[in-house]
Amino acid sequence: MPDRKEIIEVSGRSVGVSNPGKVYFPQTGHTKMDLVRYYLSVAGGALRGVAGRPMVLKRYVNGAEGDAFFQKRAPASRPDWIETVVLSFPSGRTAEEVVVTDAAGLAWVVNLGCIDLNPHPVRASDLDHPDELRVDLDPVPGVDWAQIVRVALVAREVLTDFGLTGWPKTSGSRGMHVYARIEPRWTFAEVRRAAVALAREIERRAPQDATAKWWKEERHGVFVDYNQNAKDRTVASAYSVRPTPDARVSAPLAWDEVPECRLEDFTIDTVPQRYARLGDLAAGMDAAVGSLQPLLELAARDEAAGLPDAPWPPHFVKQADEEPRVQPSKRRAPGTGGPAGRRRSSMPLIEVARAASKDEAMAGLDRWKQRHPEAWARLEPADVLVDAMRGRSSVWTRIRLNLRNVPEAERPPQEPLEVDYDPWAAVRRPQP
């Protein structure tokens with residue numbers, strides 16, 4: 001039996017929605033068509049974040065509780081009114097990506113299974129010069145919401161002091177985002193350099209609450225993720241629904257709302273009413289364009305004081321002035337020389353699982369906990385490092401444990417992984 005399809009009229013175009021009754025959020029009962037209707041109800045605000053920008057398609061074809069896969073290349077079968085642009089990536093590859101321009105395009109990408117929207121920080125008309133500086137506040141496990149709010153307010157203060165206007169929004173997941181509109185004059189590398197300086201300044205002003213440390217084993221509090229400004233990185237845009245059980249939304253806020261806001265207040269059900277009442281709270285962003293020059297001057301002062309470039313994402317070429325791209329617990333002790341040198345264990349990390357899905361990885365962690373209950377009882381939330389790792393086209397999960405709070409004599413050794421998934425096996429497999 002062919003799939004049922006519903007045709008809707010949007011922006012003067014006919015858009016097909018296949019399987020409109022398919023449940024995307026099992027705990028709330030929201031369907032694919034509910035998701036389409038949501039985006040159409042906030043289309044003006046959603047388009048402010050994505051219109052004219054190339055977009056990575058993050059597709060949840062089995063709903064929010066299923067595995068997602070990333071699709072950079074625009075589907076070959078698409079309406080002739082869907083625009084595209086060719087991007088190049090640090091790997092040397094290129095991809096023709098979708099560029100949404102109107103509400104019909106929103107409905108079309110949602111029909112593909114895109115729950116949240118992930119645009120690049122550039123316009124299709126100028127792919128080399130970002131017009132957004134993105135401050136992603138990512139809490140380590142165990143951090144409470146009040147601490148995230150404090151760091152957001154410090155981020156606003158720093159942006160203001162360096163001539164930029166910050167526009168806050170909930171991430172819809174665990175943290176908060178603050179965007180600043182910038183002149184499209186600087187390269188990705190320069191924007192990231194400014195973001196590193198910004199993150200370090202936030203850490204200087206709020207050392208107990210914020211960190212600019214890249215390695216998870218060194219982090220505390222709220223990580224200011226400067227690498228979200230590197231080329232090929234995308235962030236869920238304003239009004240994006242996130243794949244959470246309660247269908248939360250990445251919602252723009254007024255700054256006077258930030259101290260009292262709660263993530264759970266912004267959902268697929270509540271945000272359309274809020275949008276109808278308040279309009280788009282980020283509507284003034286495009287008129288508040290600022291310069292990166294003051295932050296770049298701060299970066300130059302940091303570099304002159306001896307601070308190296310912060311680590312880049314792993315798929316980037318090692319930069320000449322970058323600090324060692326090795327997690328601190330695996331760096332060689334001074335004077336040990338070449339490959340035969342012994343590792344310095346500044347952080348006692350063990351790996352528990354590598355799995356295709358988070359559920360499989362967490363099940364492996366449960367088995368480890370049952371074998372080592374005494375060690376588990378000593379771990380703090382921040383000692384459990386659950387990493388969403390990006391494979392070639394999908395996300396897999398790695399779990400590591402930092403045993404720093406377990407007495408050395410009682411630390412479990414590194415054991416065979418509970419789940420040992422190889423995300424690159426298919427790539428390495430010889431072709432017939």
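This is a predicted model: local features need pLDDT of at least 70, side-chain atom pairs count only at pLDDT 80 or more; totals for chains, interfaces and linings use all residues.
**View 1. The hairpin formed by strands S1 and S2.** Strand S1, which covers residues 5-10, pairs with strand S2, which covers residues 13-18, and the two run in the antiparallel sense over six bridges.

**View 2. The crossing of helices H4 and H5.** Helix H4 spans residues 145-161 and helix H5 spans residues 188-205; their axes come within 10 Å and cross at roughly 120 degrees. Because of this angle, H4 counts as oblique to H5. The crossing in which H4 passes H5 is right-handed. On the H4 side, the residues that meet H5 are Val151, Val154, Ala155, Glu157, Val158, Leu159 and Asp161, while on the H5 side they are Leu198, Glu201, Ile202 and Arg205. Sorted by class, the residues of this contact comprise seven that are nonpolar and four that are charged, with no polar residue among them.

View 3. Is Leu159 buried or exposed? Its relative accessibility is 1%, and because residues under 20% count as buried, Leu159 is placed in the buried class. When neighbours within four places in sequence are left aside, the residues in contact with Leu159 are Leu133, Leu164, Gly166, Val178, Ala180 and Leu198. One of these, Leu198, also belongs to the H5 side of the contact between H4 and H5. Glu201 lies 42 residues from Leu159 along the chain, and the C-alpha atoms of these two residues are separated by 9.9 Å.

**View 4. The crossing of helices H5 and H7.** Helix H7 is formed by residues 293-304, and its axis and that of H5 come within 8 Å and cross at roughly 70 degrees. With this angle, H5 is therefore described as roughly perpendicular to H7. From H5, the residues that make the contact are Glu190, Arg193, Ala194, Ala197, Leu198, Arg200, Glu201 and Arg204, and from H7 they are Leu295, Leu296, Leu298, Ala299, Ala300, Asp302 and Glu303. By class, this contact of H5 with H7 contains eight nonpolar and seven charged residues, and no polar ones. Leu198 and Glu201, listed here for H5, also take part where H5 meets H4.

How values were computed: Residues are numbered from 1 along each chain as its sequence is written. Side-chain values use heavy atoms; hydrogens and water are left out. Axes are lines fitted to C-alpha atoms, for helices over the stretch in contact, and angles run from 0 to 180 degrees between N-to-C directions. Helices (H or I, at least four residues) and strands (E, at least two) are DSSP runs, numbered from the N terminus. Angles under 35 degrees count as roughly parallel, over 145 as roughly antiparallel, 65 to 115 as roughly perpendicular and the rest as oblique. A crossing is left-handed if the near helix is turned anticlockwise from the far one by less than a right angle, and right-handed if clockwise. Contact means heavy atoms within 4.5 Å. Ala, Val, Leu, Ile, Met, Phe, Trp, Tyr, Cys and Pro count as nonpolar, Asp, Glu, Lys and Arg as charged, and the others, Gly among them, as polar. Two strands pair if DSSP finds at least two bridges between them. Buried means under 20% relative accessible area, exposed over 50%, partly exposed in between (1.4 Å probe, protein chains only).
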